[in-house]
Structure formats: structure tokens, C-alpha cells
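I opened the model to look up its layout, its core, its pocket and a few side chains. My entries are below the display.

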Amino acid sequence: MGFSPYGSGFNAMSSIVPVIVVIGFAVVIGIIIARLIKGGMEWNSNNNSPMLAVSAKVVTKRMAVRRQGNMHMHNSNMGMHHHSSSTTYFATFEMEGGDRIELKVPDKEYGMLVEGDFGELTFQGTRYKGFERNISERSYTND
């Protein structure tokens, strides 16, 4: 048995660290695969859902902002930070029967939707396809 200047604990740590790294890598890969499978299942479900056009009211709108920061190493400026963000837009619609659905909407349409507007909502599964506002003041009993 050889002499270690770091004591016997150093040998144990040097054998545990690679195991922890492999487990961490496996967890990350597992999360990525699970998200890909979930996304594929949702895409397939949406494709197999009928396209629906229903009378609806815009109940509420919300945004989800995701910020991400990266550190870039550059020869002239060590440790330069780069930040980026992305925004996802959602609208909740209430149909005549009182059922509500929240859908992700494109940014250009998000700005055109006004809470309280009535119109015809077109969607397929969880995919927003459009909202055509009714010009006439039409309401239903679920206000």
C-alpha cells in the first residue's frame, strides 16, 4: 500500500467524483429525452384533434419572460457577460358553456387581443389558430 500525502480520504473522493459526474450527465440527458417525448406526444395529439371554432370571450392575458445569461471569454475582455431573454404570450378564453382554455398566442396577435372582447376562437388541441372579434356587442350569461 502506497503512502498518500493527502490521507486516505483523497482516494475515496477521487473515485466518487466521476460517479457523481456520470449520474449528473445521465439526469440531464434523461430530462432532455423526457421533454422531447412530451413535446412529440403533444404535437401528435394536436394533429389528431379536430379544428374547432367556438364563440368565446378573452378573459385574461399573460406573458412568461425567460432570461438567460452566458459568460463569454474574449481575448480583450475576459469574462464578458451576455444576457438574452425570450417572451411567451398566453391568453385565456372562456367559451359559452363556462369552460376556459389558455393558449399560447403569437406576439403580434397578443397585442391585438383585448380582455373582455367577444369573438370566434379557432384552435386545434392546444394550438391557437386565431380569434376573430365580433363587431356587434354580443354577450352570454357567464359574465
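These entries go from the whole chain to single residues.

**Entry 1, the model.** I noted at the outset that this is a predicted model.

**Entry 2, layout.** I looked up the secondary structure and found two helices and five strands in the chain. Read from the N terminus, the order of elements is α-β-β-β-α-β-β. The chain has 143 residues, and 18% of them are buried. I also checked contacts with a separation of 6 or more: 53% of them join residues 24 or more positions apart.

I asked which residues touch the most other members of the largest nonpolar core. They are Phe93, Ile101, Leu103, Leu113, Leu121, Tyr128 and Phe131, out of 14 residues in that core. Strands E1 (51-72), E2, E3, E4 (118-124) and E5 each give two or more residues to this core.

I then took phenylalanine 131 from that list and looked up its contacts, leaving out residues up to four places away in sequence. Phenylalanine 131 touches Ala56, Val58, Phe93, Glu109, Leu113, Asp117, Phe118, Gly119, Glu120 and Leu121.

I looked up the volume of the largest pocket, which is about 170 Å³. Its lining consists of Glu42, Trp43, Asn46, Phe90, Glu102, Leu103, Lys104, Thr126, Arg127 and Tyr128. Helix H1 (8-48), strand E3 (100-105) and strand E5 (127-133) are the elements that give two or more residues to this lining. Sorted by class, the lining has four nonpolar, two polar and four charged residues. I noted that Leu103 and Tyr128 are named both in the pocket lining and among the core residues that touch the most other members.

I looked for a polar partner and found the side chain of arginine 100, joined to that of glutamate 94 by a polar contact of 2.9 Å. I also checked valine 58, which is 36 residues from glutamate 94 in sequence, with 6.6 Å between the two C-alpha atoms.

Arginine 133 lies in strand E5.

What does arginine 133 contact beyond its neighbours within four places in sequence? I listed Met112, Leu113, Val114, Asp117, Phe118 and Gly119. Two of these contacts I followed up at the level of polar atoms. The side chains of arginine 133 and aspartate 117 are joined by a polar contact of 2.4 Å. A polar atom of the arginine 133 side chain also lies 2.5 Å from the backbone oxygen of methionine 112. Last, I checked phenylalanine 118, which is 15 residues from arginine 133 along the chain; their C-alpha atoms are 5.9 Å apart.

Conventions
Residues numbered from 1 in each chain as written. Predicted model: local features only at pLDDT ≥ 70, side-chain atom pairs only at ≥ 80, totals over all residues. Heavy atoms only, no water. Polar contact = N/O pair within 3.5 Å; in protein donor to acceptor, adjacent residues only side chain to side chain. 1 Å grid on protein atoms, 1.4 Å probe; cavity = no way out; pocket = protein on both sides within 12 Å on 5 of 7 lines; lining within 4 Å. Points joined across faces, edges and corners; volume = space filled by probe spheres on them. Helix = DSSP H or I, 4+ residues; strand = E, 2+ residues; numbered from the N terminus. Nonpolar A, V, L, I, M, F, W, Y, C, P; charged D, E, K, R; others polar. Core = buried A, V, L, I, M, F, W, Y, C linked by side-chain atoms within 4.5 Å. Buried < 20%, exposed > 50% of the residue type's maximum accessible area, 1.4 Å probe, protein only. Contact = heavy atoms within 4.5 Å.
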